[in-house]
Protein chains: 2
Amino acid sequence: MAQPRKTRTPRTGRRPGDSGSREAILEAARALFAEHGYSGTSMRAIGAAAGVDAALIVHFFGTKARLLREAIQWPFDPEEAAERVYAAGRHHVGEELARLVVETWESEGDRSAIMTLLRAATVEPAAADMLREFMQNELAPPLFQRLNPDHPELRASLATAQIIGLGMARYVVRLEPLASMTLDEVVAWIAPTLQRYLTGKAP
Amino acid sequence: MAQPRKTRTPRTGRRPGDSGSREAILEAARALFAEHGYSGTSMRAIGAAAGVDAALIVHFFGTKARLLREAIQWPFDPEEAAERVYAAGRHHVGEELARLVVETWESEGDRSAIMTLLRAATVEPAAADMLREFMQNELAPPLFQRLNPDHPELRASLATAQIIGLGMARYVVRLEPLASMTLDEVVAWIAPTLQRYLTGKAP
């Protein structure tokens, strides 16, 4: 695939001029996703706004989903995370998922990216659209929809609701004693809820 | 208790001049609670900011807790709500609580007051303090801490986390199909979670 060559010293995979283009693409993507939502934004439109060819976006990010993940600074790769969560088997998925979530929230940098998204979603409908599309299309299928053919999307949305609430209550509102509990204590309380949402009998 | 008399026609319980003072008190309370938190704000300070005697605040609102509830436009009285939630007995508390919450969120006016609080909490630490103090001190004791002598505050904070997450996911991010489910379907899925948090065995 043809790629613009702007730099003179291609010694490594990442060339000196790349970081500028890469950042311009991320900025354009953030602005367009926030304004038009994820499905309403094409790679071509992002390329045009960033002043680069769409092929360069593919070179840097592969897919639009991965570009979105980097634009919103989502802290983990959903596919890789799913490998870990499902390694221990169906009966441990609630616990492993709770652990992944709490560990991610514990890191202030990782947390602030997600908080920025949630805050934006409470103000801007397009930001809510973007977050919803990311959660439904990129996060839910690998992480929440593998186990149960019965209502997989519903189960995914319930698990996500519990996770969002845990994050808001523990780190934003800082309800006590939830805010001061250890990671293991939080996991022990939350795991059965996620396990039921993902694998339990529908009411 | 001495009360300023500003109006001439006290035909009813509410006098013509009252609404101005009442609104001034609410505005002063909102500003001071948001800046200094709930415990950091005295009735006297609110009276001074509103240009009225603290006794008038007591006349209008009774307690500081009730003033806070009106200032933030919290949509129900926690004590009255608790009467309803606990009427059906210990084994139905998850279901009744889920129903109260979803019915409250369904009303756009009631929802927007809570959303305003959550949004403010993600931006302003003092607003998060105010919301936390309201939830821990006014909402949790009557609604969440009656049933179990084992970790009552922890159980309350977990139930609140699930409720906040349900609100964010269903009405802000609008995750599907959770956002489109009927009230009864949501209650059926969420009730066992609240029941376990409030009455289940600690892990």
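## Helices 7 and 8 of chain B

In this predicted model, helix 7 of chain B, which covers residues 108-123, packs against helix 8 of chain B, which covers residues 125-144, at an angle of about 130° and with the two axes 6 Å apart. Because of that angle, helix 7 of chain B counts as oblique to helix 8 of chain B, and the crossing of these two helices is left-handed.

On the side of helix 7 of chain B, the contact is made by Leu117(B), Leu118(B), Ala120(B), Ala121(B) and Val123(B), while helix 8 of chain B contributes Pro125(B), Ala127(B), Ala128(B), Met130(B) and Leu131(B). Sorted by class, the contact of helix 7 of chain B with helix 8 of chain B has 10 nonpolar residues, with no polar and no charged ones.

Chain A has 10 helices and 0 strands, and along the sequence its elements follow the pattern α-α-α-α-α-α-α-α-α-α. The C-alpha trace of chain A spans about 55 × 35 × 35 Å along its principal axes.

Within chain A, helix 5 (residues 78-87) packs with helix 6 (residues 93-106) at an angle of about 140°, and the axes lie 8 Å apart. The angle makes helix 5 of chain A oblique to helix 6 of chain A, since only angles over 145 degrees would count as roughly antiparallel. Helix 5 of chain A passes helix 6 of chain A in a right-handed crossing.

The residues of helix 5 of chain A that make this contact are Ala81(A), Arg84(A), Val85(A) and Tyr86(A), and those of helix 6 of chain A are Val93(A), Glu96(A), Leu97(A), Arg99(A), Leu100(A) and Glu103(A). By class, the residues of the contact of helix 5 of chain A with helix 6 of chain A divide into 6 nonpolar and 4 charged, with no polar residue.

## Where the two chains meet

The size of an interface is often expressed as the accessible area that is lost when the parts come together. Between chain B and chain A the buried area is about 3900 Å², and carbon and sulfur atoms give 71% of that area. The contact takes 41 residues from chain B and 41 residues from chain A.

Over all chains, the structure holds 24 salt bridges. One pair crosses between the chains, running from Arg174(A), in the loop between helix 9 (152-172) and helix 10 (183-199) of chain A, to Asp129(B), in helix 8 of chain B. The side chains of Arg174(A) and Asp129(B) meet at 3.3 Å, N to O, and the count between chain B and chain A is 2 salt bridges.

## Backbone features in the loops

In chain A, the peptide bond joining Glu176(A) and Pro177(A) is cis, with omega of about 5°, and Pro177(A) lies in the loop between helix 9 and helix 10 of chain A. In chain B, the peptide bond from Glu176(B) to Pro177(B) is likewise cis, with omega near 5°, and Pro177(B) is found in the loop between helix 9 (152-172) and helix 10 (183-199) of chain B.

A further backbone feature concerns Gln73(A), which has a positive phi of about 55° although this residue is not a glycine. Gln73(A) is placed in the loop between helix 4 (64-71) and helix 5 of chain A.

Terms used: Residues are numbered from 1 along each chain as its sequence is written. Chains are lettered from A and ligands numbered from 1 in the order in which they are written. This is a predicted model: local features need pLDDT of at least 70, side-chain atom pairs count only at pLDDT 80 or more; totals for chains, interfaces and linings use all residues. Side-chain values use heavy atoms; hydrogens and water are left out. Axes are lines fitted to C-alpha atoms, for helices over the stretch in contact, and angles run from 0 to 180 degrees between N-to-C directions. Helices (H or I, at least four residues) and strands (E, at least two) are DSSP runs, numbered from the N terminus. Angles under 35 degrees count as roughly parallel, over 145 as roughly antiparallel, 65 to 115 as roughly perpendicular and the rest as oblique. A crossing is left-handed if the near helix is turned anticlockwise from the far one by less than a right angle, and right-handed if clockwise. Contact means heavy atoms within 4.5 Å. Ala, Val, Leu, Ile, Met, Phe, Trp, Tyr, Cys and Pro count as nonpolar, Asp, Glu, Lys and Arg as charged, and the others, Gly among them, as polar. Buried area is the accessible area (1.4 Å probe) that two parts lose on being put together, summed over both. A salt bridge is a side-chain nitrogen of Lys or Arg within 4 Å of a carboxyl oxygen of Asp or Glu.
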